[in-house]
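Please look over the sequence and the structure before reading on.

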Amino acid sequence: METNAAKRPRPAKLARAALILATLGTALAWYPVGAEANWKIVFEDNFDGHALDRSTWFTRYIYNNGKQDHLNDEQQRFRDGGHHVESNGTLKLIATKVHNDGRKVAYESGMIRSRFTFRYGYVEGRIKVPSGNGMWSSFWLNSDYGPNGRLNWPPEIDIFEYVTNGSNEMPDMLHSNVAVGKTKAQGGKFLYADPNFNQRWTVHKGSEDLSKDWHVYGMLWEPDKVTTYLDGKKLFTKEYKWVYNDGVEAGPAHILLDLAVGGHWAGKNGVDDSLFPAQLEVDYIRVCQRSDIGMPTCGDSKFTPQ
């Protein structure tokens, strides 16, 4: 567990969301693990500014021409106007209650989707999640436009989903998984699972409330498998291919973080309105890839896979 809630010192900030070796939105090549000894940062945002960099992040999902403001049966709608606050070296995605007149849509919140896209590497974020009935925090990868403008689902990699609903989803539980379609073209077979990781429900049960402190969430993405980590602890490894249901390689991935509210999962026992405003706080997001130059670690991360 990370016990220091303060923002960790780091070297001088790279250019906003540094896109080393590539321009924004360009998919980058993969160096197979073991082929090279070092890691090179290919994307980074330390959120050290005074406002979210809109040249680096979108604030809606890619669907509906980039205007999609919710998924599933969530009760919030993703909006701008104060729901993305960058200050004191962190980004806060803020959820608020906007009215109380019985209408179904009663909450607004924030999400970010990277303009940067890539295939394969190590993704890491230092994040502080909120807890309480109705809260649903996510850190994940989804496919961008593929060949000939194709946009489809799956694939998807959920680095984590943190849901608390007061009954079957508790503050010491963390979901992590990959999405597999009906044809199972993506794979999805477990190669490893931590003893505290429930393979059926794809959830890790720990010994502490994860919302009480900062934690580092990581994911190693290789062409044939995915491994996720919590503070350097391996949660699982699964066979996984980044393809559509017909086996065609999917478009490169973008990175998403969002704070959703309610729905049949997070809102199983209602939404605790006393929680608002609620926030998902992000210290940094970083992507590294194998390289014959670079560093033994992904930036200054002490949790880089070896």
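## Aromatic pairs and backbone exceptions

Ring pairs link Phe-43, Phe-47, Trp-57, Phe-116, Phe-118, Tyr-120, Trp-221 and Trp-242 into one cluster. Here, rings of Phe, Tyr and Trp (its six-membered ring) pair if their centres lie within 6.5 Å; planes under 30 degrees apart count as stacked, over 60 as edge-to-face and the rest as tilted.

The model is predicted: local features need pLDDT of at least 70, side-chain atom pairs count only at pLDDT 80 or more, and totals for chains, interfaces and linings use all residues. Residues are numbered from 1 along each chain as its sequence is written, and side-chain values use heavy atoms, with hydrogens and water left out.

**Ring pairs.** Across the whole structure, a search finds 18 aromatic pairs. Take Phe-43 and Trp-57: their ring centres are 5.6 Å apart and their planes are at 85°, so this pair is edge-to-face. Phe-43 lies in strand β1 (residues 38-45) and Trp-57 in strand β2 (residues 57-58), so the pair ties together parts that are 14 residues apart in sequence. Helices (H or I, at least four residues) and strands (E, at least two) are DSSP runs, numbered from the N terminus.

Are these two residues buried or exposed? Phe-43 is buried, at 0% relative accessibility. Trp-57 is buried too, with a relative accessible area of 1%. Buried means under 20% relative accessible area, exposed over 50%, and partly exposed in between (1.4 Å probe, protein chains only).

**Charges over rings.** A charge sits over a ring if NZ of Lys or CZ of Arg is within 6 Å of the ring centre and within 35 degrees of the ring normal. The table lists two cases.

| Charged residue | Ring | Distance to ring centre |
|---|---|---|
| Lys-234 | Tyr-192 | 5.3 Å |
| Arg-286 | Tyr-284 | 4.2 Å |

**Cis peptide bonds.** Trp-153 and Pro-154 are joined by a cis bond, with omega near -10°. Pro-154 is in the loop between β9 (135-143) and β10 (156-164). The bond between Phe-276 and Pro-277 is also cis, with omega about 0°. Pro-277 is in the loop between α2 (263-266) and β19 (278-291).

**Positive phi.** Asn-88 is not a glycine, yet its phi is positive, about 50°. Its loop runs between β4 (84-87) and β5 (90-97). Asn-88 is exposed, with a relative accessible area of 74%. Tyr-120, also not a glycine, has a positive phi of about 75°. Tyr-120 is in the loop between β7 (111-114) and β8 (121-128). At 13% relative accessibility, Tyr-120 is buried, and its ring belongs to the cluster described above.
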